[in-house]
Amino acid sequence: ATTLGASAAATGRYFGTAVAAGKLSDSTYAGILDREFDMVTAENEMKWDATEPSQNSFSYSRAEPIVSHARSHNQRIRGHALAWHQQQPGWAQSMSGTALRNAMVNHITQVATHYRGQIYAWDVVNEAFDDGGNGARRDSNLQRTGNDWIEVAFRTARAADPSAKLCYNDYNTDGQNAKSNAVYAMVQDFKARGVPIDCVGFQSHFNQASPVPSDYQANLQRFANLGLDVQITELDIEGSGQAQADNYARVVRACLAVTRCNGITVWGIRDTDSWRAGGTPLLFDGNGNKKAAYTSTLNALNAG
Ligand code: G3I
């Protein structure tokens with residue numbers, strides 16, 4: 001096939017991108033979005049600060065342009081993110097203990113119920129593990145409400161929207177290391193105890209300091225072997241030219257080699273849309289032209 005979405009679909013997978021609501025009126029941006037992608041993630045508009053700006057007062061207006069655009073263009077939606085230590089509204093940042101735990105549960109219940117039946121997969125909990133080599137949980141106001149906050153988040157999301165896949169999502173878990181081992185142990189434990197979890201998202205933000213790991217495919221496979229899906233959720237790869245193109249192809253081949261890898265989402269469309277200021281980590285240049293990385297990604301999808 002000749003587009004990312006159609007080529008991924010021929011393998012039974014999706015190809016998605018992060019979308020910023022404020023860019024939908026840019027015709028170059030929207031044109032590429034609707035030509036190439038069949039899954040979207042709101043880059044910021046479904047986060048806690050956006051959806052519950054004051055406590056128990058919910059607002060879906062920032063995400064609405066993304067949701068309605070997706071619906072009218074046959075794009076599915078990954079929900080991002082229900083519980084996260086970042087981008088909390090100020091009122092939640094200053095809460096702790098039982099009050100914060102109850103606020104988290106209410107947030108998940110309200111947001112997942114609002115979107116019930118419309119979300120392919122939710123990032124229920126995002127980035128809950130520490131980057132140090134000790135495999136510990138990340139310290140945060142949510143973590144300090146008790147170690148069971150993650151399973152409570154998953155059970156709450158399942159009750160609110162039984163049809164969405166429920167994912168744990170993180171970065172620097174793309175290869176086998178202390179952090180991914182800790183996530184692996186948590187998933188294993190959740191599976192053993194019947195805590196509802198359906199997928200693990202591997203953000204896959206790569207650069208020179210954090211390249212595509214040599215055991216990327218093996219790491220995706222060991223999670224899939226636990227009996228759940230894996231998804232590449234926020235892919236971007238710093239670099240340029242053939243080296244960048246080769247890295248994108250490696251990521252695509254790894255996903256295609258893992259039966260339970262459902263699809264790939266890149267974290268933006270053009271290099272100028274990236275959260276990496278001044279970087280060139282995406283598939284289209286600032287003018288919307290296809291880069292070598294686009295061609296290698298498309299070819300790798302079509303080879304699968
Ligand atoms: O809302 C203000 C706006 O009013 C102001 O004009 C503008 C000026 O710069 O800033 C706007 O907010 C920024 C927002 O992006 C929208 O551009 C925030 O300051 C900024 O913090 C926010 O950054 C986002 C970041 O998450 C926050 O943690 C990035 O867009 C977004 O790409 C990034 O995405 C995260 C994933 O959610 C989780 N994984 C890592 C990934 C990359 O950091």
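A residue is called buried when its relative accessible area is under 20%, exposed when that area is over 50%, and partly exposed in between, as judged with a 1.4 Å probe on protein chains only. Glycine 286 is partly exposed, with a relative accessible area of 37%.

This structure is a predicted model, in which local features need pLDDT of at least 70 and side-chain atom pairs count only at pLDDT 80 or more, while totals for chains, interfaces and linings use all residues. Residues are numbered from 1 along each chain as its sequence is written, and side-chain values use heavy atoms, with hydrogens and water left out.

Helices (H or I, at least four residues) and strands (E, at least two) are DSSP runs numbered from the N terminus. Glycine 286 sits in the loop between strand S9 (261-266) and helix H11 (292-303). Contact means heavy atoms within 4.5 Å, and when neighbours within four places in sequence are set aside, glycine 286 is in contact with Arg270 and Thr272. The C-alpha atoms of glycine 286 and arginine 270 are 5.4 Å apart, although 16 residues separate the two in sequence.

**The nonpolar cores**

A nonpolar core is a set of buried Ala, Val, Leu, Ile, Met, Phe, Trp, Tyr and Cys residues joined through side-chain atoms within 4.5 Å. The largest such core has 91 residues, and those with the most contacts inside it are Trp122, Val125 and Phe154. The most is given to this core by helix H10 (residues 241-257), with 7 residues. A second, separate core has 6 residues, among them Tyr14, Met39, Ala121 and Cys167.

Which residues does valine 125 touch, not counting residues up to four places away in sequence? They are Ala83, Trp149, Ile150, Ala153, Phe154, Cys167, Tyr168 and Asn169. One of these, tryptophan 149, is found in helix H7 (residues 149-160) and counts as buried at 2% relative accessibility. Tryptophan 149 and valine 125 are 24 residues apart along the chain, and their C-alpha atoms are separated by 9.4 Å. Leaving aside neighbours within four places in sequence, the contacts of tryptophan 149 include Ala83, Arg101 and Met104 as well as Val125.

**Aromatic pairs**

A pair of aromatic rings is described by the distance of the centres and the angle of the planes. Here, rings of Phe, Tyr and Trp (its six-membered ring) pair if their centres lie within 6.5 Å, and planes under 30 degrees apart count as stacked, over 60 as edge-to-face and the rest as tilted.

| Pair | Centre to centre | Angle between planes |
|---|---|---|
| Tyrosine 184 and phenylalanine 223 | 5.4 Å | 85° |
| Phenylalanine 206 and tyrosine 216 | 5.7 Å | 80° |

Tyrosine 184 lies in helix H8 (residues 178-193) and phenylalanine 223 in helix H9 (residues 216-224), so the pair ties together parts that are 39 residues apart in sequence. Both tyrosine 184 and phenylalanine 223 are buried. In the other pair, phenylalanine 206 belongs to strand S7 (residues 205-206) and tyrosine 216 to helix H9, 10 residues apart. Phenylalanine 206 is buried, with a relative accessible area of 1%, and tyrosine 216 also counts as buried, at 2%. Elsewhere, Tyr60, Tyr115 and Trp122 form one aromatic cluster.

**The largest pocket**

On a 1 Å grid over the protein atoms alone, a pocket is an open set of points where a 1.4 Å probe fits, with protein on both sides within 12 Å along at least five of seven lines, and lining residues have an atom within 4 Å of a point. Grid points are joined across faces, edges and corners, and a volume is the space filled by probe spheres set on the points. The largest pocket holds about 420 Å³ of space. Of the 21 residues that line this pocket, the closest to its centre are Glu127, Gln203, His205, Glu234 and Trp275.

**Backbone details**

Glutamate 127 lies in the loop between strand S4 (121-126) and H7, and at 7% relative accessibility glutamate 127 counts as buried. Phi of glutamate 127 is near 60°, a positive value in a residue other than glycine. Asparagine 74 likewise has a positive phi, near 55°, but asparagine 74 is exposed, with a relative accessible area of 70%. Asparagine 74 is found in the loop between helix H4 (64-72) and S3. Within strand S3 (residues 76-84) lies alanine 81, which is joined to histidine 80 by a cis peptide bond with omega of about -5°.
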